[in-house]
Amino acid sequence: MSPQRKSPEDDIGRRAQRLKKTRENAGVSPLRGLGVFGMIGWSVAVPTAGGAFLGLWLDRTIPQNFPWVLALILGGVTLGSFIAWAWIGRESAEEEDSHDDH
(Lines give C-alpha, C1' and ligand atoms only; values in the text may rest on other atoms or scores of the structure.)
Protein backbone atom coordinates (compact mmCIF):
# COMPACT_ATOMS: atom_id res chain seq x y z
CA MET A 1 0.00 0.00 0.00
CA SER A 2 1.23 3.41 -0.82
CA PRO A 3 0.82 6.35 1.54
CA GLN A 4 -1.95 8.76 0.72
CA ARG A 5 -0.73 11.57 -1.54
CA LYS A 6 -1.11 15.09 -0.31
CA SER A 7 -3.07 17.53 -2.35
CA PRO A 8 -1.43 20.43 -4.21
CA GLU A 9 -3.29 22.80 -1.88
CA ASP A 10 -1.45 21.29 1.09
CA ASP A 11 1.89 21.77 -0.66
CA ILE A 12 1.06 25.38 -1.50
CA GLY A 13 -0.04 26.03 2.08
CA ARG A 14 3.19 24.60 3.50
CA ARG A 15 5.30 26.63 1.09
CA ALA A 16 3.40 29.79 1.96
CA GLN A 17 3.94 29.14 5.68
CA ARG A 18 7.66 28.59 5.13
CA LEU A 19 7.94 31.79 3.08
CA LYS A 20 6.07 33.76 5.71
CA LYS A 21 8.28 32.40 8.47
CA THR A 22 11.42 33.19 6.46
CA ARG A 23 10.28 36.76 5.79
CA GLU A 24 9.47 37.37 9.43
CA ASN A 25 12.76 35.89 10.68
CA ALA A 26 15.08 36.71 7.82
CA GLY A 27 18.20 37.03 9.96
CA VAL A 28 21.24 38.89 8.72
CA SER A 29 21.98 38.61 5.04
CA PRO A 30 25.62 38.52 3.91
CA LEU A 31 24.73 41.02 1.22
CA ARG A 32 23.37 43.44 3.82
CA GLY A 33 26.88 43.94 5.19
CA LEU A 34 28.13 44.73 1.71
CA GLY A 35 25.27 47.20 1.24
CA VAL A 36 26.03 48.92 4.54
CA PHE A 37 29.70 49.14 3.60
CA GLY A 38 28.75 50.71 0.26
CA MET A 39 26.33 53.16 1.86
CA ILE A 40 28.95 54.35 4.33
CA GLY A 41 31.50 54.69 1.54
CA TRP A 42 29.16 56.75 -0.64
CA SER A 43 28.14 58.97 2.29
CA VAL A 44 31.77 59.95 2.77
CA ALA A 45 32.90 59.91 -0.88
CA VAL A 46 30.19 62.15 -2.35
CA PRO A 47 30.67 65.14 0.02
CA THR A 48 34.46 64.75 -0.27
CA ALA A 49 34.40 64.77 -4.07
CA GLY A 50 31.90 67.64 -4.04
CA GLY A 51 34.20 69.60 -1.74
CA ALA A 52 37.18 68.90 -4.01
CA PHE A 53 35.39 70.11 -7.14
CA LEU A 54 33.99 73.18 -5.38
CA GLY A 55 37.46 73.90 -3.98
CA LEU A 56 39.06 73.69 -7.41
CA TRP A 57 36.48 76.10 -8.79
CA LEU A 58 36.96 78.52 -5.88
CA ASP A 59 40.77 78.35 -6.26
CA ARG A 60 40.37 79.54 -9.85
CA THR A 61 37.74 82.20 -9.22
CA ILE A 62 38.55 83.52 -5.72
CA PRO A 63 42.22 82.76 -4.92
CA GLN A 64 43.17 83.05 -1.24
CA ASN A 65 46.31 82.55 0.86
CA PHE A 66 45.09 79.03 1.64
CA PRO A 67 44.01 76.39 -0.86
CA TRP A 68 40.20 76.11 -1.01
CA VAL A 69 40.46 72.57 -2.32
CA LEU A 70 42.16 71.25 0.83
CA ALA A 71 39.79 73.07 3.15
CA LEU A 72 36.71 71.80 1.33
CA ILE A 73 38.02 68.24 1.05
CA LEU A 74 38.47 68.25 4.82
CA GLY A 75 34.98 69.71 5.20
CA GLY A 76 33.56 67.04 2.89
CA VAL A 77 35.21 64.23 4.84
CA THR A 78 33.87 65.69 8.09
CA LEU A 79 30.35 66.13 6.71
CA GLY A 80 30.38 62.65 5.17
CA SER A 81 31.54 61.12 8.44
CA PHE A 82 28.68 62.77 10.32
CA ILE A 83 26.20 61.56 7.68
CA ALA A 84 27.56 58.00 7.91
CA TRP A 85 27.51 58.10 11.72
CA ALA A 86 23.89 59.30 11.77
CA TRP A 87 22.90 56.64 9.23
CA ILE A 88 24.54 53.86 11.25
CA GLY A 89 22.83 55.11 14.41
CA ARG A 90 19.44 55.14 12.69
CA GLU A 91 19.97 51.63 11.24
CA SER A 92 21.08 50.30 14.64
CA ALA A 93 17.98 51.77 16.31
CA GLU A 94 15.71 50.24 13.64
CA GLU A 95 17.40 46.86 14.04
CA GLU A 96 16.97 46.97 17.83
CA ASP A 97 13.30 47.90 17.39
CA SER A 98 12.77 44.98 15.02
CA HIS A 99 14.36 42.59 17.51
CA ASP A 100 12.18 43.94 20.33
CA ASP A 101 9.03 43.20 18.32
CA HIS A 102 9.79 39.43 18.23
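Predicted model: local features only at pLDDT ≥ 70, side-chain atom pairs only at ≥ 80, totals over all residues.
Residues are numbered from 1 along each chain as its sequence is written, and side-chain values use heavy atoms, with hydrogens and water left out.

Let me start with the overall picture. The protein has three helices and zero strands, and along the sequence the pattern reads α-α-α; helices here are DSSP runs of H or I with at least four residues, strands are runs of E with at least two, and both are numbered from the N terminus. Of the 102 residues, 12% are buried, where buried means under 20% relative accessible area, exposed means over 50%, and partly exposed is what lies in between, with a 1.4 Å probe and protein chains only. The accessible surface comes to about 8600 Å², and 65% of that belongs to carbon and sulfur atoms; these areas come from the Shrake-Rupley method with a 1.4 Å probe, and for residues only the protein chains shown count as cover. If we take contacts between residues at least 6 apart in sequence, 57% of them join residues at least 24 apart, a contact being heavy atoms within 4.5 Å.

Now to helix α1, residues 8-24, where R14 and D11 lie three residues apart, about one turn of the helix. They form a salt bridge, with the closest N and O atoms 2.2 Å apart; the rule asks for a side-chain nitrogen of Lys or Arg within 4 Å of a carboxyl oxygen of Asp or Glu, and by this rule the count comes to one. R14 is partly exposed at 38% relative accessibility, and D11 is partly exposed as well, at 28%.

Moving on to helix α2, residues 30-61, we find S43. Is S43 buried or exposed? S43 is buried, because its relative accessible area is 7%. Leaving aside neighbours within four places in sequence, S43 is in contact with G80, I83 and A84.

T48 is also in helix α2, and at 18% relative accessibility T48 counts as buried. A polar atom of the T48 side chain lies 3.5 Å from the backbone nitrogen of V77, and, not counting residues up to four places away in sequence, T48 touches I73, G76 and V77.

Finally, the aromatic rings, for which the structure holds two pairs. In one of them, the rings of F82 and W85 have their centres 6.4 Å apart and their planes at 50°, so the pair is tilted; rings of Phe, Tyr and Trp (its six-membered ring) pair if their centres lie within 6.5 Å, with planes under 30 degrees apart counted as stacked, over 60 as edge-to-face and the rest as tilted. F82 and W85 are three residues apart in helix α3, residues 68-101, and so are separated by about one helical turn, and W85 is exposed, with a relative accessible area of 64%.

Definitions and conventions: Polar contact = N/O pair within 3.5 Å; in protein donor to acceptor, adjacent residues only side chain to side chain.
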